There are 2 protein chains.
Amino acid sequence: MTVLTRPDPSQPRNRLLAALPAAELKRLRAHLEPVELPLRAIISPRDAIITHAYFVESGLVSLVQPLSDGAAVEVGLIGREGFIGTPVMLGARSSSAEANIQLKGSGFRIATEALQDAAAEKNSRLRPLLLSFTQALHAQVMQTAACNGRHELAQRLARWLLSAGDRAESHELPLRHEFLSMMLGRRRAGVTVALGKMKQAGLIENSLGRIVIRDRRGMEKAACECYRVVRDEYRRLLP
Amino acid sequence: MTVLTRPDPSQPRNRLLAALPAAELKRLRAHLEPVELPLRAIISPRDAIITHAYFVESGLVSLVQPLSDGAAVEVGLIGREGFIGTPVMLGARSSSAEANIQLKGSGFRIATEALQDAAAEKNSRLRPLLLSFTQALHAQVMQTAACNGRHELAQRLARWLLSAGDRAESHELPLRHEFLSMMLGRRRAGVTVALGKMKQAGLIENSLGRIVIRDRRGMEKAACECYRVVRDEYRRLLP
DNA sequence: GCGGCTTTGTGCGCAACCGTACAATCCGCA
DNA sequence: TGCGGATTGTACGGTTGCGCACAAAGCCGC
């Protein structure tokens, strides 16, 4: 499990911040405010004015699209490779999606104006980094759109667990079935059955509120192509 | 139906170009090359280097995510309110998605470097416009991801027809069922049945290779919320 | 007007998944 | 240690959509 320590802005674990030249990071640090990312918090509610962007140091955040029936389908997953606030880089003041914290962690936040100013600096390395992440996230969302339309629950579930494991950097995920079912837009009972089969097959352990990936290879076979496609796209686009 | 005329760069029908100040449009015009958008052409094949961005003047383009089984699920729809090439604005050289022309039309293309240079100009109005469209498209894709996961064929079909009708600016759409089924990731037979019911209900006309929206109000009721949500988001974000 | 091709309409058995319900199990806490 | 609430396992009938197959209808060239 990730150990929660107070984030240190001079040694960021966030991959985007870590990729910045020392001088640029130093200038940026004045604007970075360490924050906890508590479980289940909503970072940026639908259509609310975005006041801050968040660089994730640890934990797992999902980007969900709320629907009018109260459901909220996940469209993207973000860990320390990314940040919350891509709309800020595109000049938008709000977003139709929400960012929900799925595994608690920590990060840095920065006021939108400060981020925009920093990204607008001459020869800024920050801007291309954040735009590259925006592109990677966009690729993930597009793949998810196709995946949601065509792939079955079991495959999507395997994809989700692998993807979450990568971003949380842990094989052990403290998750309830109910929660997974909401993310995937399917019944809780269906998730339970699918997880049961994975457990049978020796791919995972599955106890109350806790799923452990046991056989990574097997899980990749059980998952749809979408896991691999998105992973490769992230490797291509990000540091 | 849209009359195909040679696009005139000084009076662009494309909403992004049309929103530019006269002086900026004039400078840009030197780089704009009128092009036909022939039915079924693929503007930007998967993972290919993106050499040009395309401003749509007329016609309808869909952004599809190819899957390994040969299927290609639509994740977004673009008409003259937008352009093809958002990855260029995000610093990417290629994209995992493809742009397919679904209704023939015309547009202007511009070399990626020329576009990047123009967008990098001081006080450029072009850059924020293109980024706003990128945000709008992103919102559309996220909504589509949720929609694909949770909504039924009939609703999604109604959404698609309305959305396509808006962008093509015509109630009459020259489409085959086979084609719609690929976009929606469902069986052709299922589309035929769903269209049959809409016809029964007096919402559409449906003859060989041609669908006409007869009752717009009724169709909006038959469509899922996603149609309205995306339309409103576009109105908010774009000129 | 006819033959051939494309497109649309329809049927059938089957799989995935739904909504609902309820029992079994686990965990924290008194 | 036992209770109560939360979580997980399981069941059942019903709906959506699948894969397949084939008939009906429309269009085009001859």
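Biologist: Which residues are buried in H8(A)?

Modeller: In H8(A), the buried residues are A:Val191, A:Ala194, A:Leu195 and A:Met198, where buried means that 20 or more other C-beta atoms, placed from the backbone, lie within 10 Å of the residue's own, exposed that 12 or fewer do, and partly exposed anything in between. This is a predicted model, in which local features need pLDDT of at least 70 and side-chain atom pairs count only at pLDDT 80 or more, while totals for chains, interfaces and linings use all residues. Residues are numbered from 1 along each chain as its sequence is written, and chains are lettered from A and ligands numbered from 1 in the order in which they are written.

Biologist: What follows H8(A)?

Modeller: A:Gly202 follows H8(A), with a positive phi near 80 degrees.

Biologist: Switching topic, what are the domains of chain A?

Modeller: Domain 1 (15-125) and domain 2 (152-223), with bounds from an automatic or database domain assignment; the C-alpha centres of the two domains of chain A lie 26 Å apart. Their contact takes ten residues from domain 1 of chain A and eight residues from domain 2 of chain A.

Biologist: Which strand gives the most to the side of domain 1 of chain A that touches domain 2 of chain A?

Modeller: E3(A) does, with four residues, and strand E2 (52-66) and strand E3 (72-78) of chain A each supply at least two.

Biologist: Last one: how is chain A superposed on chain B?

Modeller: A rotation of 180 degrees with 0.0 Å of shift along its axis does it, at RMSD 0.0 Å, by least squares on the C-alpha atoms of residues with pLDDT of at least 70 in both copies. The two copies are therefore related as by a two-fold rotation axis, and in chain A the C-alpha nearest that axis belongs to A:Ala145, 1.8 Å from it.

Terms used
Contact = placed C-beta atoms within 7 Å.
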